[in-house]
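Here is a short briefing on one protein chain. Keep the sequence and the 3D view open as you read.

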Amino acid sequence: MEFMEMERQLQDNVTKRLQAILEPEDLLFDEPMKDYTTFRVGGPAKWMAAPQDEQQLRVILKICSELQVPCFILGRGSNLLVSDNGFEGVIVNLRKHFNKIEVDRENKTITAEAGASLPAVSQAALSAGLTGLEFAAGIPGTMGGGLFMNAGAYGGELKQVVTEAAVMTKDGMILHVPVEQMALGHRISSFMQTGEIILSVKMQLTQGNPDVIKETMNDFNSRRRDKQPLEYPSAGSTFKRPEGYFAGKLIDDAGLRGYRVGGAMVSEKHCGFVINYDNATATDVINLMKDVQTKVKEKFDVQLEPEVRII
């Protein structure tokens, strides 16, 4: 009973401190995370906070640190799986207010805030006749989430165009990190270790022909629709590409095309995707992923590592 009372007091304290800095519409309680992830699964977040500026973000981080409450930075939720129990902490939603895109035509640069969607940034580049971001036109993520995992497709990656990022450290300092210090690799970055929060990203592009840029984007999107199960909720490629292999082919060769656990299924269209086929729960998805890992390991002695983040 005493523990429950302490827990209630902690929650009341967190709520009061968040309410003191945020507008009522920017602080939500017990918000279902299935509404914020492309997998469309996940239980409620205890608090969801949408800071309007860097100072509010800084105070949110301070509150979480002082009260030892878990804190997670949310982008588009396109590479995220939230458990059915939800998240007993603060989800920081940067999509609502940190979504500005600035184009400098003279210097051929684009600076996009962390919550701006990659398709929107790609469209801004197209409108300015700038080439280099065509690959990102169909990636359903945000600028911050994209840089966090060095998003890429069709031979392009963000590391090819990014020059620097403004980030906030855990203690609220703002730094400007050059691309050379980001350790960008295949779906990895230094931010996974440092815990720095990406605020905005600057990219250097080149002048191009708008018609050619648009044609390339349309081609990539057409290929994506043809090969990927976009008609079902998913988090894209579920597993990282193992050295010397393709995850989808390993899963297919293990006889798992169309394999189901509850409402979750290995896509019949692309075996690299686990899809929410029929009102799946997060537990369905996680159990299916474990089964896939076990069967691929048994058959090919290859350990598949999740690309999707699980909280």
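Helices (H or I, at least four residues) and strands (E, at least two) are DSSP runs, numbered from the N terminus. Two strands pair if DSSP finds at least two bridges between them. With those terms, four strands form an open sheet in the order E1-E2-E5-E3, and the pairing is mixed. The model is predicted: local features need pLDDT of at least 70, side-chain atom pairs count only at pLDDT 80 or more, and totals for chains, interfaces and linings use all residues. Residues are numbered from 1 along each chain as its sequence is written, and side-chain values use heavy atoms, with hydrogens and water left out.

**The open sheet**

- Strands of a sheet pair through backbone hydrogen bonds, either parallel or antiparallel.
- In the order E1-E2-E5-E3, strand E1 (27–32) and strand E3 (71–74) stand at the edges. Each has a single partner strand, so one side of each is left without a neighbour in the sheet.
- Neighbouring strands of this sheet are turned by 30° against each other on average, direction ignored. Axes here are lines fitted to C-alpha atoms, for helices over the stretch in contact, and angles run from 0 to 180 degrees between N-to-C directions.
- E1 and strand E2 (residues 44–49) run antiparallel and are joined by five bridges. Phe29 stands opposite Trp47 in E2.
- Helix H2 (residues 54–67) packs on the sheet and touches E2, E3 and strand E5 (87–93). The direction of H2 makes about 165° with that of E5. Contact means heavy atoms within 4.5 Å.

- Strand E11 (residues 162–168) and strand E12 (residues 174–178) run antiparallel, with five bridges between them.
- Glu164 stands opposite Pro178 in E12.
- Which residue of this hairpin takes a positive phi? Gly172 does, near 90°, in a hairpin with five residues between the strands.

**The whole chain**

- The chain has eight helices and 19 strands.
- The radius of gyration of the chain is 20 Å, close to the 19 Å that the globule rule gives for 311 residues, so the chain is as compact as a globular protein of that length. The radius is taken over C-alpha atoms, and the rule is 2.2 Å times the number of residues to the power 0.38.
- The C-alpha atoms fill a box of roughly 55 × 55 × 30 Å, taken along the principal axes.
- Buried residues make up 50% of the 311 residues. Buried means under 20% relative accessible area, exposed over 50%, and partly exposed in between (1.4 Å probe, protein chains only).
- Among contacts between residues at least 6 apart in sequence, 63% join residues at least 24 apart.
- The chain exposes about 15100 Å², and carbon and sulfur atoms supply 48% of it. Accessible areas come from the Shrake-Rupley method with a 1.4 Å probe; for residues, only the protein chains shown count as cover.

**Strand E7**

- Thr109 lies in strand E7 (residues 109–113). Thr109 is buried, with a relative accessible area of 7%.
- Beyond its neighbours within four places in sequence, Thr109 is in contact with residues including Glu102, Asp104 and Lys202.
- Ile110 is found in E7 and is buried, at 0% relative accessible area. Ile110 and Val121 are 11 residues apart in sequence and 8.1 Å apart in space, C-alpha to C-alpha.
- Ala112 is also found in E7. Is Ala112 buried or exposed? At 0% relative accessibility, Ala112 counts as buried.
- Leaving aside neighbours within four places in sequence, Ala112 has contacts that include Lys100, Met143 and Ser200.
- Ala112 and Thr283 are 171 residues apart in sequence and 35 Å apart in space, C-alpha to C-alpha.

**Aromatic pairs**

- Rings of Phe, Tyr and Trp (its six-membered ring) pair if their centres lie within 6.5 Å; planes under 30 degrees apart count as stacked, over 60 as edge-to-face and the rest as tilted.
- By this rule the count comes to three aromatic pairs.
- Phe72 and Phe87 form an edge-to-face pair, 6.4 Å centre to centre with 65° between the planes. Phe72 lies in strand E3 and Phe87 in strand E5, so the pair ties together parts that are 15 residues apart in sequence. Phe72 and Phe87 are both buried.
- The rings of Tyr232 and Tyr277 have centres 5.4 Å apart and planes at 40°, so the pair is tilted. Tyr232 counts as partly exposed, at 30% relative accessibility. Tyr277 counts as partly exposed, at 34%.
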